[in-house]
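Here is a friendly briefing to read alongside the model. Please keep the structure open as you go.

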Amino acid sequence: MLLFVLLYLWVIFQRCFELWVARKNEAWMRARGGVEHGSEHFSWMVVLHSAFLVSLLFEAYYNQFVLMPGWPVLLILFLGAQGLRAWVMGSLGRFWNLKVMVLPGESIIQKGPYRWLKHPNYLVVMAEILLLPLIFQAYVTAVVFTIANACMLFFVRIPVEERALNDYRSVETREK
C-alpha cells in the first residue's frame with residue numbers, strides 16, 4: 001500500500017505542478033499573441049484524467065493494493081516515462097502547455113525528443129495510464145482508460161494540434 005500512496009501522491013503532485021507551469025506558460029504566450037486551438041475539448045480531457053485517478057484509487061483499494069507479479073519492470077517503465085516527460089517539458093520550455101497553443105512568429109520546436117517523435121508527451125500519458133494501474137492489478141482501469149485516452153488523443157487532440165501546426169506552417173510559408 002505504501003508504494004501505491006507514494007505513486008498516487010506523486011501523480012497528483014505532478015498534475016498540480018503541470019497546471020501551475022501551464023498557466024504561467026499560457027499567460028506568457030497570450031501576452032505575446034499566442035492563440036489557443038480546440039479549447040472545446042480541454043474540459044473533457046480534464047474529466048478523463050480526473051476519472052482515471054478516481055477509478056485507479058477505487059480499483060486498487062478493491063484489489064487491496066496487491067502488486068502485479070513483475071511489477072518492478074512496470075515501475076521502471078513508469079519512471080522512464082517520467083524522465084521522458086521532464087525531457088519534453090525542458091525541450092519545449094515556455095512553449096510547453098496543457099492546451100494547444102501556437103505563438104505566431106516562433107519556430108516549431110524540433111529539439112530533444114521532438115527530433116524523433118511528433119507527440120512525445122502523449123506517449124508519456126499513454127504509458128502512465130496503462131502502466132500505473134497494471135502495477136496494482138487494476139486491469140479494468142488500465143483497459144478502459146487506455147482506450148478512452150487513445151480515442152481522445154487520436155480522434156480529437158492530435159488532429160486539433162496537427163491542424164493548428166499546419167495552419168501555422170502555412171502562414172509562416174506565406175510570410176517568407
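This is a predicted model: local features need pLDDT of at least 70, side-chain atom pairs count only at pLDDT 80 or more; totals for chains, interfaces and linings use all residues.

Residues are numbered from 1 along each chain as its sequence is written, and side-chain values use heavy atoms, with hydrogens and water left out.

**Helices and annotated regions**

- Helix 1 spans residues 2-31, and its 30 residues reach 43 Å from first to last C-alpha, close to the 44 Å expected at 1.5 Å a residue. Helices here are DSSP runs of H or I with at least four residues, and strands are E runs of at least two, numbered from the N terminus; the expected span is 1.5 Å times one less than the number of residues.
- After helix 1 comes Gly33, with a positive phi near 95°.
- The UniProt record (an unreviewed entry) places "transmembrane region" at residues 42-62, 74-96 and 129-156; such annotations may be inferred rather than shown by experiment.
- Residues 74-96 are 83% helix and 0% strand, with end C-alpha atoms 27 Å apart.
- Residues 129-156 are 89% helix and 0% strand, with end C-alpha atoms 18 Å apart.

**The largest pocket**

- The largest pocket has a volume of about 1,200 Å³. Of its 49 lining residues, Asn97, Leu98, Lys99, Tyr122 and Arg157 are the closest to the centre. On a 1 Å grid over the protein atoms alone, a pocket is an open set of points where a 1.4 Å probe fits, with protein on both sides within 12 Å along at least five of seven lines, and lining residues have an atom within 4 Å of a point.
- Among the elements that each supply at least two lining residues are helix 1, strand 2 (100-102) and helix 5 (139-175).

**Aromatic pairs**

- The structure holds ten aromatic pairs, meaning Phe, Tyr or Trp rings (for Trp, the six-membered one) with centres within 6.5 Å; planes under 30 degrees apart are stacked, over 60 edge-to-face, and the rest tilted.
- Trp28 and Phe95 are edge-to-face because their ring centres lie 5.5 Å apart with planes at 80°. Trp28 lies in helix 1 and Phe95 in the loop between helix 3 and strand 2, so the pair ties together parts 67 residues apart in sequence.
- Trp28 is buried at 18% relative accessible area, whereas Phe95 is partly exposed at 24% (buried is under 20%, exposed over 50%, partly exposed in between, with a 1.4 Å probe and protein chains only).
- Trp87 and Trp116 form a tilted pair, 6.1 Å centre to centre with 50° between the planes.
- Ring pairs also link Phe4, Tyr8, Tyr61, Phe65 and Phe136 into a cluster.

Conventions: Grid points are joined across faces, edges and corners, and a volume is the space filled by probe spheres set on the points.
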